[in-house]
Amino acid sequence: MFTRVANFCRKVLNRETENVSPQEPRQTMTVIPRDQHNISRKDISENALKVLYRLSKAGYEAYLVGGGVRDLLLGKKPKDFDITTNATPDQVRKLFRNCRLVGRRFRLAHIMFGPEVIEVATFRGHHEQHQEQQADNNKNAAQQAQNGMLLRDNIFGSIEEDAQRRDFSINSLYYSIADFTVRDYTGGLNDLRQGVIRLIGDPETRYREDPVRMLRAVRFAAKLNMTISPESAEPIPRLAALLHEIPAARLFEESLKLLQAGHGYPTWRLLCEYQLFQPLFPLISRYFTDGGDSHLERMVATVLKNTDRRLQNDMRVNPAFLFSAMLWYPLVEHAQKLAQEGGLTYFDAFALAMNDILDEQCRSLAIPKRITSLVRDIWQLQQRLPRRYGKRAYKLMEHPKFRAAYDLLALRAEIEHHAELQRLTQWWGEFQVAAPPRQQVMLKSLDDEGPSPRRRQRRPPRRAPRRENA
């Protein structure tokens, strides 16, 4: 995987000193000329090149940075292209009419090209060196909470400072549009060659500044098939509880990046290893066993593997199905508990349990209502799929979430090895692809196997009492 990187950077890396401590940030800059790396402008978005050229023509420094450079060096197609410059956000906005400024913690310029958005950030500086600036100008102050988390960070600096402020060394590589070189300020090329995720600076301090960096470390390790360096991995289990202080809406977006980006299963394994899964899904974590072979754990593993397979085959996935499958067994257990303790019918207990489970999960992940409503539909259809007599089977297949509900039914049958679930899954699998005559035969066979459920007879309308004088 890293053959291309190794070929062009092995000579360059030999120039670096061998006695540098892994915890110690590397201060020397390495410049890789155009003929020694594999990045080509034909692999870069045309819109990103437009932004780079216009900034450079206006007299500003402009670099492609971050995951785009990393993926290009690895021979992958970048998902997006980020740019960094010494131009301030207001100066960028004056250059581009299709620009809008976003972000409160750190101001960014988003340049819109239809559906494609090119993100432009100004070089960030070290807030410790700007205490006087913080007192004089509140707009450019780096505000920090008592636990070390950065609340606002609008201090600008040089490219060298910007490199030290980035999270991981492999994301701190700069491609210059001026001379087409790649600049490395933090030893990112060496870590890319060795397949190591290394945090820049003191790991505990950087995690406290932004606890989401712990999730990003796991995500990159799973996505790129790399390992987290020992000094970057050691604080993660101790600091995992800091994720409770992150807004639930931001954690929801991060959860989609973790579990629905094509590498959800290995990411889940790493999240559990570093004790990061519990802050995201505390309800699910309660049901984990030492052997890892409970119905819930097998469900989570199976649905994540299926999701990865669909994404690798360029098939669509819906987060509602993922959440409905992962939360199914906590829902069933809670519904049974409500039915036993509250003296309710299972149908009523199931309806109450859906509300309780979704409310509890949304405390840690702010799942939008448009998704929770679909989760409810998939769950409710699990109650209706066994009742397929008469015209009900046709009505069920017309439901927008029928296919997702059938997939969940198939997962349950695979995991539980329940004979009745397996027969029901097989029946629905055949019925939805059968021709109408065959469907009629299948429905008739159900009537022959046993009496169809009786319909509740309507009471005749009550007549008004007859008057005596009538």
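**View 1. The second largest pocket has a volume of about 460 Å³.** This is a predicted model, where local features need pLDDT of at least 70 and side-chain atom pairs count only at pLDDT 80 or more, while totals for chains, interfaces and linings use all residues. Residues are numbered from 1 along each chain as its sequence is written, and side-chain values use heavy atoms, with hydrogens and water left out. On a 1 Å grid over the protein atoms alone, a pocket is an open set of points where a 1.4 Å probe fits, with protein on both sides within 12 Å along at least five of seven lines; lining residues have an atom within 4 Å of a point. Points are joined across faces, edges and corners, and the volume is the space filled by probe spheres set on them.

**View 2. Here is the lining of the second largest pocket, made of 18 residues.** Nearest its centre lie Arg-310, Arg-316, Val-317, Asn-318 and Asp-407. Two or more residues each come from helix H16 (295-312), helix H17 (319-326) and helix H22 (402-416), and H22 gives the most, with 5 residues. (Helices are DSSP runs of H or I with at least four residues, strands are E runs of at least two, and both are numbered from the N terminus.) The lining holds 9 nonpolar, 4 polar and 5 charged residues; Ala, Val, Leu, Ile, Met, Phe, Trp, Tyr, Cys and Pro count as nonpolar, Asp, Glu, Lys and Arg as charged, and the others, Gly among them, as polar.

View 3. Helix H9 (212-223) is among the elements giving two or more residues, and H9 gives the most, with 6. By type, the lining divides into 12 nonpolar, 9 polar and 25 charged residues.

**View 4. Look closely at Asp-80, Asp-82 and Asp-167, which an unreviewed UniProt entry annotates as "active site".** The lining of the largest pocket includes these three residues. (UniProt positions follow the numbering used here, feature names are shortened, and annotations may be inferred rather than shown by experiment.) Asp-80 sits in the loop between helix H3 (67-73) and strand E3 (82-85).

**View 5. Asp-167 lies in the loop between helix H6 (159-165) and strand E9 (173-176).** Asp-167 is buried, at 10% relative accessibility, whereas Asp-80 is partly exposed at 42%; buried means under 20% relative accessible area, exposed over 50%, and partly exposed in between (1.4 Å probe, protein chains only). Beyond neighbours within four places in sequence, Asp-167 is in contact (heavy atoms within 4.5 Å) with Arg-198, Leu-199, Ile-200, Arg-206, Arg-213 and Arg-216.
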